[in-house]
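Please take a moment to look over the sequence and the model shown here, and then follow the paragraphs below from ring to ring and on to the ligand.

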Amino acid sequence: MKEFLEERNIMPVWQDGCYTIDEYLNRRREIVDLLCFEEYGYLPPKPEQISFSEVSEKELFLGKVILKKIIITTTLNGKPFSFPIYHSMPKTVKKLPFFVMINFRDSVPDVSLPIDEICERGYAVISFCYKDITSDDGDFNDGLAGIIYDGQKRNPHDCGKIAMWAWAASRAMDYALTIPELDSGKATVIGHSRLGKTALLAGATDERFYCAISNNSGCCGAALSRNKVGENLKIICNAFPHWFCENFMKYVDREMDLPFDQHFLIAAMVPRKVYVSSSSEDLWADPVSEYLSCCAADEVYAKIGMEGFTHPNRLPVAGDVFHQGSIGYHLKEGKHSLISEDWHHFIDYLNIH
Ligand code: GTR
């Protein structure tokens, strides 16, 4: 794989003097800081107060699944901000591993959230709709954005919308920690596409997530930016400048000047687990660049003596599933999507680790 990585001008995540997990954790903080400062903006602060109120409970799938709707209420800058989350779990007496899913919709089940199959395999899910946090557009008065900016201008390193959605995933995690049926050590944050970018940032900034899963996250998610095909920085920053901080705009057409590449975001999960899934026809996201990012991040696991990305010495082909190391991976045949097949791969991987 060396020749492919050389073509991409891969920057080493590693710096001299880090050989243990503890030394890497300091480096990790610098990496997360860099990604926030230059790309996504710093996440909003932890709320001054947080509370949870259950508004409904029902049974689904002939009573096999319990679905609760909860309102999370936070106080931020002295002002209240609330949003709904959905907590689905199988009826059980034992502690459950669980997903925090940042979703496009608030429906449960949903086309991307086959709750019956996930619960059947012994996992719970806490999901929420990203638009219940703040709108997916340049309106910085809507929802959480309005609370944070209060009509003021953003500083160049202040949060864009991805960082706000990631903040909400951490609030869902705050809720999970209050639920005795959920195993706090087995939390995985997951999202698809723009929300796959968000899941990686949530995992990078909140170490309570044991694993982060990015499904088809592409540009500014799992995929390397340098020499990427399909969407690039110019296209994404033109279409969705609100996803990022203002500092990021200076890298349009200047990928080579970035002081990092997206494998830094993957490496921010070390020594925890991270999973990248791609779809073979998703050329906009660029599966090869997603794969090479995993190859590049592998180095960091290797340095601290952990198995990182275990894969054959070739580019991926549809049907590949690599679950052995700390970086999980699969390339499904088909289009840009998050479907039941992906979920079964994720659960297979989590069950091994
Ligand atoms: C596209 C965008 C991608 C991807 C996708 C999505 O329009 O170019 O970066 O995130 O949206 O979120 O569905």
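**Aromatic rings and the ligand**

One aromatic cluster is formed by Tyr40, Phe240, Trp243, Phe244, Phe248 and Tyr251, where rings of Phe, Tyr and Trp (for Trp, its six-membered ring) pair if their centres lie within 6.5 Å, with planes under 30 degrees apart counted as stacked, over 60 as edge-to-face and the rest as tilted. This is a predicted model, in which local features need pLDDT of at least 70 and side-chain atom pairs count only at pLDDT 80 or more, while totals for chains, interfaces and linings use all residues. Residues are numbered from 1 along each chain as its sequence is written, and side-chain values use heavy atoms, with hydrogens and water left out.

By the ring rule, the count comes to 24 aromatic pairs. One of them joins phenylalanine 104 and tyrosine 130 in an edge-to-face arrangement, 5.3 Å centre to centre and with 70° between the planes. Because phenylalanine 104 lies in the loop between strand 4 (96–103) and helix 3 (115–120), and tyrosine 130 in the loop between strand 5 (124–129) and helix 4 (143–149), the pair ties together parts that are 26 residues apart in sequence; helices (H or I, at least four residues) and strands (E, at least two) are DSSP runs, numbered from the N terminus. Tyrosine 130 is buried, with a relative accessible area of 3%, whereas phenylalanine 104, at 22% relative accessibility, counts as partly exposed; buried means under 20% relative accessible area, exposed over 50%, and partly exposed in between, with a 1.4 Å probe and protein chains only. Another pair, phenylalanine 322 and tyrosine 329, is stacked, 5.8 Å centre to centre and with 15° between the planes, and both of these residues are buried.

Which residues surround the ligand? They are Phe104, Ser193, Arg194, Lys197, Glu231, Ile236, Phe240, Trp243, Trp284 and His336, a residue being near a molecule if one of its heavy atoms lies within 4 Å of it. Phe240 and Trp243 of this shell also belong to the aromatic cluster. Turning to polar contacts (pairs of N or O atoms within 3.5 Å; within protein, one must be able to donate a hydrogen and the other to accept it, and residues adjacent in sequence count only if both atoms are side-chain atoms), an oxygen atom of the ligand is 2.5 Å from an N or O atom in the side chain of arginine 194, and an oxygen atom of the ligand is 2.4 Å from such an atom in the side chain of glutamate 231.
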